[in-house]
Amino acid sequence: MVTAVLGGLMNKLIVGTINALGGKAVGISGVDGALIQARVAKQELGYVGVTAKVDTTVLEALLKSGFIPVVSPISYYAVDRPSGAPPILNINGDPLAGEIAAAIKAERLIF
């Protein structure tokens, strides 16, 4: 459900709004291109993760092409994933935005 809402519906609403205002937005998630590689934060929280690594390759390609990336906080479960576990984790969006901003060396982050 979280993946459908954050990675689908809400992401596309934000992308559509930016595009309707004249921007060139593209909606992606942290799973795409293994942009956000994560591990489970605490077992008792289930599939809630924390960022282990940000791979900026996809973001750099989009930004160089003039697109505004809209990143949902659904991330790739890359670290210590047990066999049979789903390959995605949900991450808190605010800290993740900070991690992405730091990784791309953003001059500022606006919420």
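1. Ser29 counts as buried in this predicted model, because its relative accessibility is 11% and the cut-off for burial is under 20%. The residue belongs to strand 1, which covers residues 25–30.

2. The surroundings of Ser29 can be listed by name. Leaving aside residues up to four places away in sequence, Ser29 touches Leu35, Val71, Ser72 and Ile74. The side chain of Ser29 also has a polar atom 3.1 Å from the backbone nitrogen of Val31. That distance falls inside the 3.5 Å limit for a polar contact.

3. With residues up to four places away in sequence left out, the contacts of Thr51 are Ile36, Gln37, Ala38, Ile91, Leu96 and Glu99.

4. On the fold as a whole, the protein chain contains three helices and five strands. Read from the N terminus, the order of elements is α-β-β-β-α-β-β-α.

5. How does the radius of gyration of the protein chain fit a compact globule? The chain has 111 residues, for which a compact globule would have a radius near 13 Å; the value here is 14 Å, which agrees. Along the principal axes, the C-alpha trace spans about 45 × 30 × 25 Å.

6. Among contacts between residues at least 6 apart in sequence, 59% join residues at least 24 apart.

7. The accessible surface of the protein chain comes to about 6,700 Å². Carbon and sulfur atoms account for 59% of that area.

8. What sits over the ring of Phe67? The charged end of Lys24 does, at 4.5 Å from the ring centre. A charge must be within 6 Å of the centre to count, and this one is.

9. How many aromatic pairs does the structure hold? The number is zero. For a pair to be counted, the ring centres would have to lie within 6.5 Å of each other. The ring of Phe67 is therefore described here by the charge of Lys24 over it, not by an aromatic pair, because the structure holds zero of these.

Note on methods:
Residues are numbered from 1 along each chain as its sequence is written. This is a predicted model: local features need pLDDT of at least 70, side-chain atom pairs count only at pLDDT 80 or more; totals for chains, interfaces and linings use all residues. Side-chain values use heavy atoms; hydrogens and water are left out. Helices (H or I, at least four residues) and strands (E, at least two) are DSSP runs, numbered from the N terminus. Buried means under 20% relative accessible area, exposed over 50%, partly exposed in between (1.4 Å probe, protein chains only). A polar contact is a pair of N or O atoms within 3.5 Å; within protein, one must be able to donate a hydrogen and the other to accept it, and residues adjacent in sequence count only if both atoms are side-chain atoms. Contact means heavy atoms within 4.5 Å. Rings of Phe, Tyr and Trp (its six-membered ring) pair if their centres lie within 6.5 Å; planes under 30 degrees apart count as stacked, over 60 as edge-to-face and the rest as tilted. A charge sits over a ring if NZ of Lys or CZ of Arg is within 6 Å of the ring centre and within 35 degrees of the ring normal. The radius of gyration is taken over C-alpha atoms; the globule rule is 2.2 Å times the number of residues to the power 0.38. Accessible areas come from the Shrake-Rupley method with a 1.4 Å probe; for residues, only the protein chains shown count as cover.
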